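Please open the model in your viewer and keep the selection tool at hand.

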Amino acid sequence: MRLLPLATLLALSLAFSCKEEPRPEDIAGRQAKAYYGHLLAGRCGLFAAGIHDFDSLPAAYREQLHVSARQLAARLRGAHGGVCEVRLARAVADSAARGVNAFLVLCYADSTKEEIVVPMAERSPGQWRMK
């Protein structure tokens, strides 16, 4: 009877100890998808802030990026009935560029799909931004 809790504890510790750390590609891909989710939800400022070194850009250039993000969001809302879902197809390390290419699939309301590539750069460990 005392062996059951011990066996359960051992099984749980093995299950959690075998858990793999997420690959940088997976983290970058999820963050790219999140940035496009912000864009489609109308949070263009959060999308623009996801651009690598956004904070160090001149204020006028940051404002231009906000305007461009709003224009992109409007274009995606108007094309093929609008984007209804963003999927992460895959994310691949780009050793030459020291980054990751995230391949996103934009799913439109009329069943059209478009695959885009979002180059990502690591700003700090685990923090990826769009190039």
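The model is predicted: local features need pLDDT of at least 70, side-chain atom pairs count only at pLDDT 80 or more, and totals for chains, interfaces and linings use all residues. Residues are numbered from 1 along each chain as its sequence is written, and side-chain values use heavy atoms, with hydrogens and water left out.

**Arg129**

Select Arg129, which lies in strand S4, residues 127-130. Strands (E, at least two residues) and helices (H or I, at least four) are DSSP runs numbered from the N terminus. Arg129 is buried but has no salt bridge. Buried means under 20% relative accessible area, exposed over 50%, and partly exposed in between (1.4 Å probe, protein chains only); a salt bridge places a side-chain nitrogen of Lys or Arg within 4 Å of a carboxyl oxygen of Asp or Glu. Lys and Arg count as positive, Asp and Glu as negative, while His and the chain ends are not counted.

Move to Asp53, in the loop between helix H3 (44-49) and helix H4 (59-78). Its phi is near 60°, a positive value in a residue other than glycine. Asp53 is partly exposed, at 38% relative accessible area.

Finally, select His80, in the loop between H4 and strand S1 (83-94). Phi of His80 is near 55°, again positive, and the residue is partly exposed at 41%.
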